[in-house]
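This report covers two topics.

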Amino acid sequence: MTLDDILVSLFPDGHEVRNDDGIIAGAATLRSGGKMLVIGVANRTALGVDEAIRLSGLVLESIGRDSGPILVLVDSDSQRMSKRDELLGLNEFLAHLAKVLIHADMHGRPTIGLLYGHSAAGALLATGLATRVLVGLPGAEPAVMDLPSMAKVTKLSMAALVEKAKSTPVFAPGLSNLEQMGAVHMTWSDSRPLAEQLEALLADMPVVQDRRGALGKERGGRLKAADIAERVRDLALQTR
Amino acid sequence: MTAPIEDVTPAERARGTSFYEASARTRLELLLDAGSLIEFIGPEQREVSPHLETFDLPEQFDDGIVVGHGRLDGTPVFVAAQEGRFMGGAFGEVHGAKLTGLLHAARQIGSIPVLILFDTGGVRLQEANAGELAIAEIMRAMIEARAAGVKVIGLIGGRSGCYGGGGLIAGCCSALAVSEPGRIAVSGPEVIETNRGVEEFDSRDRALVWRTMGGKHRRLLGAADIFAEDTVQDFREAALELLGLLGPVGTFGLDRLKAEHERLADRLRRFGACEDAIDIWTAEGVAHAATVPELPADQFIALANRIGRTSRDAR
């Protein structure tokens, strides 16, 4: 689905969402009549310092106004890989965006990520993975790193990686693999109106609590993470 | 004459031990009060990565991270130390989950600070999806802990630096101390060069790497509040100083985020057109900016303090 198709299907009652050079910003009306703040990255744009400061600004400006839950649409490249971005402290800008989203979510502005295209690495951490519920659309292509780059770093052949990718969801790119890990909470259908699916999610939003460890365990993608975290927490609570 | 080993005090050993060269366990042993470390899920439990075997790679019994409880000048602290010599200190499923669990406990207690000794290249690619998600969970857990009043201090001076998702986690800490060889960035030099070409970034130009990502630049920008010398003792003193500077109560919240936004927006306005770190330092009013990389620590610290950029009230 294109961004325009997605917006029409999500908000049949109208929206004022613009795509300005790959930065998505605006407001939309929900079926319930309420408002929703819509931000995001489009056109497979890389997330650099300039993009991150704009997005975090949009969220910060909306706090205290009655602008509703926050939807983060994602079709991005990875973080912008450049000398300038690193020189200026890209890690702080991406962390800032994630912090602003998490803060909003913890304070009455539930966040939903909608991964409809590509995303990778630091860009995914600062956007979709910083929301309470990350939803995938069929055709989305998240990747921590593409297989050719991974072959270079891991010194394994492409053939070997492609073979392993079939049986090993833990490292291979793809929406279903991230879903199995617990990173993507659910995948919506593109043959039903998205508005219905959005309303259903908003009506039944999970509580503000990171459930991704439990989801990963249930789905068999991360069998150890939740238990290890719980054991460390319990041991730490005993030592005080 | 070298003193017999039993006459060397822990502080002298810490003073004589390079943070950069030391292992994660040695760093913790010398950073904390002697004998105070209690480790959670130590190597004797052999909780190894369930994924490395698929790639015929050796496992490590602690999966490259030590988490526990200790004391710093008598004050209780939670600690996590990454071992940069195992898989580049990268975040995998087990490695990351240990830090997530530690932060969950810190949030529940509220009053015990967390020290993180970063030494990481970022996500462990052999378990990339689990590692990426672990980083997302750590960031969430850290923000929740800070919102509950927990101070989280990052110490950065290891071989693997603090790259990839590690850089984002560092960006979520309450304050950072960094040494000259500590590097903080998202994309590593080789990654930029591979993706954008050698004209964009020559990863073999070590001077370029240090001045773009290294501790001195991060301190001058105000990304780190303290510049530490490369000894474990200096990092211990930096951690103590930051615990004091951060005050009795954590005040993470909307005001902090607005202040951070202004701090970062101001940085873009001032330095957004600079092409090199030397241009930024010159714009900051540093005379002979090109000599900053050679400045000895004491002179550099004096310079950084004179410029006076900090971020602990705006992050």
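Two strands count as paired if DSSP finds at least two bridges between them. The model is predicted.

Strand S1 of chain A spans residues 15–20, and strand S2 of chain A spans residues 23–29. The two run antiparallel, joined by 6 bridges. A:Asp20 has its bridge partner in S2(A): A:Ile23. The hairpin of S1(A) and S2(A) has 2 residues between the strands. There, A:Asp21 takes a positive phi near 55°.

S2(A) also pairs with strand S3 of chain A, residues 35–47. This pair is antiparallel too, with 7 bridges. A:Ala28 finds its bridge partner, A:Met36, in S3(A). The hairpin of S2(A) and S3(A) has 5 residues between the strands. In this hairpin A:Gly33 adopts a positive phi, near 100°.

In a regular strand, side chains alternate between the two faces of the sheet.

## Where chain B touches chain A

On chain B, 73 residues are in contact with 68 residues of chain A. Several elements of chain B give two or more residues to its side of this contact. Strand S2 (65–72) is one of them. The helices include H3 (93–109), H4 (128–147), H5 (165–172) and H6 (189–196). Helices H7 (206–213) and H10 (254–271) also belong to this group.

Which helix gives the largest share of the side of chain B that touches chain A? H4(B) does, with 14 residues.

## Make-up of that side

The chain B residues that touch chain A divide into 43 nonpolar, 18 polar and 12 charged.

Conventions
Residues are numbered from 1 along each chain as its sequence is written. Chains are lettered from A and ligands numbered from 1 in the order in which they are written. This is a predicted model: local features need pLDDT of at least 70, side-chain atom pairs count only at pLDDT 80 or more; totals for chains, interfaces and linings use all residues. Two residues are in contact if their C-beta atoms, placed from the backbone, lie within 7 Å. Helices (H or I, at least four residues) and strands (E, at least two) are DSSP runs, numbered from the N terminus. Ala, Val, Leu, Ile, Met, Phe, Trp, Tyr, Cys and Pro count as nonpolar, Asp, Glu, Lys and Arg as charged, and the others, Gly among them, as polar.
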